[in-house]
Amino acid sequence: MIPGKETQAEKVNSQKEKYGSFSLFDIEHFLRRILKNWYWLVMMLIIGYSISWVYTKYYAQSIYASSLSLSVSSGTASYFTPSQSVNLIWNNGGNQDGIYLKKMLLSRTHNEFLVKELGLYINYSTKGAIKSTFLDKDDIPVLVEIDKKHLQQTDYPVTLIPRGNNKYEVDLPEDGQSSTLYSYENEGFFTIDPYDKPSNKIVEVGEWYTSPNLRFRLVKNPIIPKINLENVIFKFSTVNNAVNDITSTISVDFDKEINTIMIITKTGYNLNGTVSFLNKSVSELQKKRQADKLIVDKNTNAYLQENLDKIRKKLDSSANVLNYMKTTEKLYDIKDRDEKSLNEIKELETKKADFESKITSLNQIRRMLASQNFDKMISTTAAGFQDGMFTASVTELKDLYLKRREMALIYKPNSEPMIELNKLINDARMNSNNVLKNYYSDYLKEIEKINQKVSTADLDLHAYPEKERKYLDAERGYNMIEATYNSLLTRQNETQLKIAGNQSDISVIDPAKNVGQSAIGPNVRAVKAGIISGLLILPILFILIGEVLDTKIRNIKELLNATKIPLLGVIGKNNNETMLTVLEQPKSSVSEAFRGIRANVRFLSGENEKSKVLLVTSSIGGEGKTYVSINLASVLGLSDKKTILLGMDLRKPKIFGDFKIDNKYGISNYLTGEVEMSQIINKTKIHNLDVATSGPIPPNPSELLMSERNINFIQDLKSMYDFIIIDSPPVGLVADSYELMKYSDANIYVVRHEYTEKYMLKLITEKYHNREVENLGLVYNDYNSTQGYGYGYGYGYGYGYGYFDEDKNYKEPLLIRIRNKVRDIFNKK
């Protein structure tokens with residue numbers, strides 16, 4: 001067989017395998033169930049809106065943002081203000097100062113200083129009936145001053161309640177006191193002995209409040225708050241937590257058009273707090289930058305002056321030697337001097353002197369780094385270069401050394417934090433040393449090139465007499481010392497100019513200001529949408545899970561698509577107390593449905609005039625098999641057709657109860673030979689309808705139904721009746737009905753709405769399509785018309801109720817009424 005090709009037989013077999021197989025998920029039924037449960041969606045919508053309204057009204061904390069813009073001037077590099085090669089690190093050439101400032105603004109050192117300076121480890125708030133509001137220092141009448149020598153409990157809310165005359169009641173929480181307290185001196189936690197809950201106390205402004213876990217006093221706020229507060233709640237936090245909270249709310253961006261302009265933004269729960277923090281942060285940064293630059297420049301000036309003094313002595317000594325040779329040896333007027341070679345040598349040796357001076361400065365910087373004497377560091381301009389990578393690494397190294405001294409008070413030398421910190425220090429030291437080595441190597445290479453050129457030029461001077469050469473060597477030595485002196489003097493002048501004109505290179509363009517900015521968060525619309533959509537999803541999710549896990553038949557269309565078995569009719573719910581619906585409610589829609597089934601059965605059994613044997617079965621008990629048998633027989637009897645109803649479900653007899661017939665003798669007795677046929681046939685209220693009940697439950701029902709006597713019994717009845725209705729056992733439990741189907745003219749299979757399991761139809765569907773069972777039709781029982789949708793086959797409900805007399809009080813479902821109204825509107829001419 002050619003791959004990819006299917007034979008006709010294979011296609012048929014493949015199709016047969018699909019019969020009786022229901023889809024895992026029925027989107028149509030799923031949507032109908034959602035429409036049916038619309039009230040849950042409405043209820044969730046109302047609940048979601050209510051929750052979101054309460055949240056945004058009473059619980060959501062507004063988030064504010066303030067911004068500050070500043071300009072950074074270039075060309076002012078020091079160890080703390082790099083300007084040239086930082087682009088190698090940050091890949092942002094042209095704005096190295098700004099990038100470094102961004103790092104400074106977000107650094108732990110800078111923000112830790114601000115936290116301690118501004119007391120930001122104390123958080124203030126006030127609480128109303130429901131909602132808490134964060135406060136700034138300008139909003140409260142008194143400030144809290146901590147005794148840093150006393151251990152304090154953090155994250156412990158303390159309430160201050162005004163009592164008049166500058167007195168406040170200190171109200172402590174009912175529980176939550178801890179024995180683990182924080183030291184603001186050592187910035188670490190310590191454990192004390194357990195203690196009882198401190199009592200509330202009224203204190204005056206300026207009076208110290210002392211307890212085992214707290215010590216503070218209230219200080220009058222010099223700024224008079226604009227609002228009166230019923231209470232003030234303050235809570236201490238650790239310095240580390242306060243720094244982390246602040247740095248997480250700061251962002252630094254650069255102007256897209258002018259990248260030397262920085263926009264610093266801070267978010268927070270209080271607008272005044274963000275404004276004051278930004279202005280203070282930039283102010284301190286300006287002072288620090290100016291002070292750092294001044295220290296380095298002063299160190300550089302002192303270092304250059306020291307070297308100038310030394311060079312000056314050498315210069316004076318060299319001048320004396322030169323003057324002596326001029327006066328005593330009369331060598332000041334050498335004939336035939338090679339001025340070109342001498343000038344070339346002078347120029348080369350001047351450059352050499354400059355590089356040697358730079359190397360001397362490099363060695364000084366290296367010694368300061370090795371000794372960790374950062375207070376004596378000189379500028380890299382003294383060594384003839386400005387390198388942002390180096391200055392950044394020195395700044396990092398300085399901070400790391402400072403951090404190690406602080407951590408040494410808390411951690412042991414071999415602890416994990418100290419080991420990690422030492423690794424960072426080694427990396428920073430290596431980075432700075434590598435930069436110095438690179439410049440050192442470059443300078444040595446330049447000196448080596450100069451020496452080679454000098455040696456070449458020096459060959460032209462070998463022709464001079466010894467005395468004249470001696471004079472020329474002395475002159476060259478003087479020129480080198482003079483060049484070194486002039487180089488150092490030039491750098492000193494540059495440094496002194498920087499000291500004299502020392503100004504901050506940070507200019508504030510727009511300071512942070514409270515101009516009544518509206519809150520930037522939370523996003524109320526997003527919160528509302530999230531809450532409402534989340535609650536709306538819940539019922540849909542439950543319906544979806546129920547739909548996926550549901551294995552019962554709930555959709556007529558899906559049933560017919562899966563089984564491909566003809567549908568004879570749909571029976572609505574039986575609202576009658578008995579199963580005799582056709583007899584007791586002949587004008588109801590359910591009775592009319594049975595008349596429709598009577599009409600459709602003839603298409604299964606044909607139009608011949610012979611007696612027709614109709615067998616009624618189902619998958620299991622409880623699906624309405626007996627109900628359908630009784631009413632179908634009643635409809636046939638009322639249509640002037642001589643009919644008999646046989647109760648052949650010998651295991652679970654039912655028919656006798658509704659017809660009020662004594663079940664003492666029945667088909668089981670007849671099949672065992674105990675009684676005659678006439679003794680088991682019972683008359684009913686319907687003239688043309690007889691009933692043969694099943695009789696007592698026999699020990700061997702299958703053998704009796706399959707016996708020759710039973711077959712003959714059915715054949716004998718054919719000569720006496722137009723229709724024989726057999727109420728047979730369910731095929732999902734026993735195989736008796738399959739044997740009886742061999743003698744029936746038409747077979748009716750009852751499926752009950754929302755009761756019959758899908759998998760139970762697999763066997764009967766396969767037998768039907770394999771032609772093991774013929775003349776088979778489905779009856780859909782107990783259909784709930786209030787679902788408000790049809791199934792597209794012309795049978796059923798949703799519009800039939802109300803047409804018949806017994807259904808005159810029936811009220812159609814809302815969706816059906818809406819649908820009919822829309823149809824009426826569009827059908828109008």
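This is a predicted model: local features need pLDDT of at least 70, side-chain atom pairs count only at pLDDT 80 or more; totals for chains, interfaces and linings use all residues.

**The eight-stranded sheet**

With that term in hand, look at helix 17, residues 625-638. This helix lies across strand 16, strand 17, strand 18 (643-647), strand 20, strand 21 (723-727), strand 22 and strand 23. Its direction is at about 170 degrees to that of strand 21.

Which order do the strands of this sheet follow? The order is 16-23-22-17-21-18-20-19, in an open sheet of eight strands with mixed pairing. Strand 16 (567-572) and strand 19 (681-683) each have a single partner strand, so they stand at the edges, and one side of each is left without a neighbour in the sheet. On average, neighbouring strands here are turned by 25 degrees against each other, direction ignored.

At one end of that order, strand 19 runs antiparallel to strand 20 (residues 689-692), and three bridges join the two. Within this pair, lysine 683 is found opposite aspartate 690 of strand 20.

Helix 16 (residues 589-605) packs on the sheet as well. It touches strand 16, strand 17 (612-618), strand 22 (746-752) and strand 23 (776-783), and its direction makes about 165 degrees with that of strand 16.

How are two packed helices described? One gives the angle between their axes and the distance between the axes.

| Helix pair | Angle | Axes |
|---|---|---|
| Helix 6 (residues 108-118) and helix 7 (residues 239-247) | roughly 115 degrees | within 9 Å |
| Helix 2 (residues 27-36) and helix 3 (residues 38-59) | about 60 degrees | 4 Å apart |
| Helix 14 (residues 556-563) and helix 24 (residues 761-769) | about 45 degrees | 10 Å apart |

The crossing of helix 6 and helix 7 is right-handed. Among the residues making this contact are Arg108 and Glu112 of helix 6, and Val239 and Ile246 of helix 7. The contact residues divide into five nonpolar, four polar and three charged.

The angle between helix 2 and helix 3 makes helix 2 oblique to helix 3. In this pair, Ile34, Leu35 and Lys36 of helix 2 meet Trp38, Tyr39 and Leu41 of helix 3. Five of these contact residues are nonpolar, none is polar and one is charged.

Helix 14 is likewise oblique to helix 24. Leu559, Ala562 and Thr563 of helix 14 form the contact with Leu761, Thr765 and His769 of helix 24. That contact has three nonpolar, three polar and no charged residues.

**A stretch named in a record**

Finally, an unreviewed UniProt entry annotates residues 38-56 as "transmembrane region". In the model, residues 38-56 are 100% helix and 0% strand, with the end C-alpha atoms 27 Å apart.

Conventions. Residues are numbered from 1 along each chain as its sequence is written. Side-chain values use heavy atoms; hydrogens and water are left out. Two strands pair if DSSP finds at least two bridges between them. Axes are lines fitted to C-alpha atoms, for helices over the stretch in contact, and angles run from 0 to 180 degrees between N-to-C directions. Contact means heavy atoms within 4.5 Å. UniProt positions are given in the numbering used here, feature names are shortened, and annotations may be inferred rather than shown by experiment. A crossing is left-handed if the near helix is turned anticlockwise from the far one by less than a right angle, and right-handed if clockwise. Ala, Val, Leu, Ile, Met, Phe, Trp, Tyr, Cys and Pro count as nonpolar, Asp, Glu, Lys and Arg as charged, and the others, Gly among them, as polar. Angles under 35 degrees count as roughly parallel, over 145 as roughly antiparallel, 65 to 115 as roughly perpendicular and the rest as oblique.
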